[in-house]
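Me: Could you take me carefully through the model shown below, starting with its open spaces and going on to its charged pairs?

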Amino acid sequence: MTFRLPPYPYDRLAGLAEVAAAHEGGMVDCSIGTPYDPPPPAVVAALGSSGTERGYPASAGSLALREAAGAWLCRRFGLDDVPVSRLAACVGTKEFVASVPHLLRLRRPELDTVLYPAVSYPTYAMGAELAGCRAVAVPPPPGRAGGLDLGAVAPEDAARALVLWSNSPSNPTGGLGDLGSEAAWGRAHGIPVFSDECYAEFTWDGPPRSVLQHGFDGVVAVHSLSKRSNLAGVRVGFYAGDAELVEFLRAVRQHAGLMVPGPAQAAGVEALEDESHVEAQRARYLDRLEYLAGILGAYGCPVGLPEGGFYLWVPVPTGRWPDAWAMAGALAADGGLLVSPGDLYGAAGAGHVRVAVVQPLERLALVGERLGRVSHG
Ligand SMILES: Cc1ncc(COP(=O)(O)O)c(C=O)c1O
């Protein structure tokens with residue numbers, strides 16, 4: 001059967017964007033988790049001064065980048081040591097997430113299943129499809145927004161699994177998972193656990209967590225500078241963990257020609273060595289989460305603050321709208337606010353919309369004024 005791509009999730013928002021953009025003052029786009037705030041000037045300066053343009057960059061990442069990433073993991077998560085041999089660079093993490101099943105299948109061709117969180121970043125399931133694998137959704141534990149109810153995985157699916165994806169804090173729900181139990185379950189079943197930790201810096205409920213705090217065997221933590229340092233346009237990520245998995249992926253990716261450009265690697269080193277810009281960004285997101293939750297509550301759409309991440313995961317109020325698309329339509333029409341209906345993150349997300357608090361407070365205040373003018377009796 002010929003492979004047929006689904007529509008790109010965010011392309012489905014074009015009609016809503018048109019409605020939101022009709023407002024005087026324009027659309028306030030909170031649909032995509034793309035950073036709006038600037039990276040630190042020293043990081044931007046490093047892009048133009050590394051002198052790395054002429055030669056090919058190291059596919060695994062320069063020694064400086066790998067050392068900076070390892071030192072950051074140790075600092076942030078209280079790890080003793082992350083040897084550079086257990087860590088390698090990726091070109092941002094989306095390409096890594098999308099290609100892991102395909103690459104792992106080279107190692108274990110008899111396996112054909114990707115386990116991933118039922119309500120999640122769409123690329124986990126897309127990576128399975130691109131590899132010709134089955135994408136099997138794992139629900140969160142009952143009553144939880146994040147994490148994985150691993151007791152719900154059928155033994156037949158576990159027996160065929162190439163990888164288990166975890167994402168804590170979760171995009172889109174903001175929930176946190178139990179990374180220790182996930183690592184233990186993966187080891188018990190011989191299934192590699194890949195833990196996408198790109199929102200770890202924005203953990204509100206306690207300190208940031210990494211699967212690596214529970215040992216390196218059988219696990220790979222995946223990190224990105226896109227959200228941490230507002231560098232989504234520069235494309236720097238890295239993965240670290242199990243010696244054999246990291247070395248296998250590093251080697252195949254080198255053959256495939258995957259390389260973070262040298263100037264981007266130099267900027268990554270600069271970003272990883274600084275914490276103050278991350279501190280400032282954390283404060284901005286927390287302010288905006290609280291502010292927007294207040295506005296939405298006043299508009300009759302109460303929402304709690306997430307345990308992590310920079311998204312509000314807003315339930316569709318019962319009886320007010322038939323579904324999340326209708327709610328997103330009302331927010332576009334009444335507030336000029338563009339949000340993402342929750343089914344973009346899996347069928348189980350259909351009762352919510354996701355609001356990314358990536359816009360500055362003055363733009364969110366405009367939404368507040370507009371929604372405040374609408375009666376919702
Ligand atoms: C959960 C999750 N993982 C990975 C990514 C990819 O980020 P990047 O490719 O910029 O590293 C995103 C981006 O939104 C995300 O939300």
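**Pocket and salt bridges**

Me: How do the residues of the lining of the largest pocket divide into nonpolar, polar and charged?
Reply: This is a predicted model, in which local features need pLDDT of at least 70 and side-chain atom pairs count only at pLDDT 80 or more, while totals for chains, interfaces and linings use all residues. Residues are numbered from 1 along each chain as its sequence is written, and side-chain values use heavy atoms, leaving out hydrogens and water. Counting Ala, Val, Leu, Ile, Met, Phe, Trp, Tyr, Cys and Pro as nonpolar, Asp, Glu, Lys and Arg as charged, and the others, Gly among them, as polar, the lining divides into 25 nonpolar, 10 polar and 8 charged.

Me: How much space lies in the largest pocket?
Reply: A pocket is an open set of points on a 1 Å grid where a 1.4 Å probe fits, with protein on both sides within 12 Å along at least five of seven lines, and its lining residues have an atom within 4 Å of a point. Its volume is the space filled by probe spheres set on the points, which are joined across faces, edges and corners, and here that comes to about 940 Å³.

Me: Which of the lining residues are closest to the centre of the largest pocket?
Reply: The lining of the largest pocket holds 43 residues. Those closest to its centre are Tyr8, Lys94, Tyr121, Pro122 and Thr123.

Me: Which element gives the largest share of the lining of the largest pocket?
Reply: Helices (H or I, at least four residues) and strands (E, at least two) are DSSP runs, numbered from the N terminus. The largest share of the lining, 6 residues, comes from H5.

Me: Are Arg288 and Asp37 buried or exposed?
Reply: These two side chains meet in a salt bridge of 2.8 Å, N to O, a term for a side-chain nitrogen of Lys or Arg within 4 Å of a carboxyl oxygen of Asp or Glu. Arg288 lies in helix H11 and Asp37 in the loop between strand S1 and helix H2. With buried meaning under 20% relative accessible area, exposed over 50% and partly exposed in between (1.4 Å probe, protein chains only), both residues are buried.

Me: How many residues apart in sequence are the parts that Arg107 and Glu244 tie together?
Reply: The closest N and O atoms of this salt bridge are 2.8 Å apart, and Arg107 is partly exposed at 28%, as is Glu244 at 43%. Because Arg107 lies in helix H4 and Glu244 in helix H9, the pair joins parts whose separation in sequence is 137 residues.
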